[in-house]
Amino acid sequence: MIDSKGFRPNVGIILANDAGQLLWARRIGQDAWQFPQGGIQRNESPEAALYRELNEEVGLRPSDVAVLGATRGWLRYRLPSHLIRRRQRPTCIGQKQVWFLLRLLAHEDRVRLDATGQPEFDAWNWVHYWHPLEEVVSFKRDVYLRALEQLAPLLFPEGAPMRPANPGPGRPPVIRQPGQGG
């Protein structure tokens, strides 16, 4: 489903543990890390898409999490020109996303990347709140920044941790494989 301006509606999922760390996942077969996210289907609310994607991508159920909040309105990013499939109709030029901040209520061993027959991720870990800005592909970085800034007060009412002055490429310290908890 693509809107009249070429943007695909999507939900993004920022899952936090009790220590304020975020679940960070590696795309299957790639050295590309991101938050879970996925498209909103026709006649599906963003909340329904959130729970469907949460289960499909990380194997969690609604009872495993608490929704702390969501971004205001759509956050958009454009795909780089070389990633636009121009022969596809309608043509998708990017995504418009509602981002949800969740707190994990269940034990982290409930995280399952192989909950479906077509997993999207092959590893995951917990990272510092601002770490995703160092790792995410550049064309998504501004949306990640806006989502993290909007949602930080919900997770850190006393004030969010300091952001690194010069985010740059780094590597997550611990990699967990499908079905491997902490």
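Predicted model: local features only at pLDDT ≥ 70, side-chain atom pairs only at ≥ 80, totals over all residues.
Local features were taken at pLDDT of at least 70 and side-chain atom pairs at pLDDT 80 or more, whereas totals for chains, interfaces and linings use all residues. Residues are numbered from 1 along each chain as its sequence is written, and side-chain values use heavy atoms, with hydrogens and water left out.

Rings of Phe, Tyr and Trp (the six-membered ring of Trp) were paired if their centres lie within 6.5 Å; planes under 30 degrees apart count as stacked, over 60 as edge-to-face and the rest as tilted. Nine aromatic pairs were counted by this rule. In one of them, the ring centres of Trp 24 and Phe 35 are 5.1 Å apart and the planes stand at 75°, so the pair is edge-to-face. Trp 24 belongs to strand β2 (residues 22–27) and Phe 35 to the loop between β3 (33–34) and β4 (37–39), so the pair ties together parts 11 residues apart in sequence. Strands are DSSP runs of E, at least two residues, numbered from the N terminus.

Trp 24 has 0% relative accessibility and counts as buried (under 20% relative accessible area, with a 1.4 Å probe and protein chains only). Phe 35 is also buried, at 1%. Trp 124 and Trp 126 form an edge-to-face pair, with 5.4 Å between centres and 90° between planes; both residues are buried. Ring pairs also join Trp 24, Phe 35, Trp 99 and Tyr 144 into a cluster.

A charge was placed over a ring if NZ of Lys or CZ of Arg is within 6 Å of the ring centre and within 35 degrees of the ring normal. Lys 96 lies over the face of Trp 74, 4.8 Å from the ring centre. The charged end of Arg 163 sits over the ring of Trp 130, at 5.6 Å from its centre.

How values were computed. Helix = DSSP H or I, 4+ residues; strand = E, 2+ residues; numbered from the N terminus. Buried < 20%, exposed > 50% of the residue type's maximum accessible area, 1.4 Å probe, protein only.
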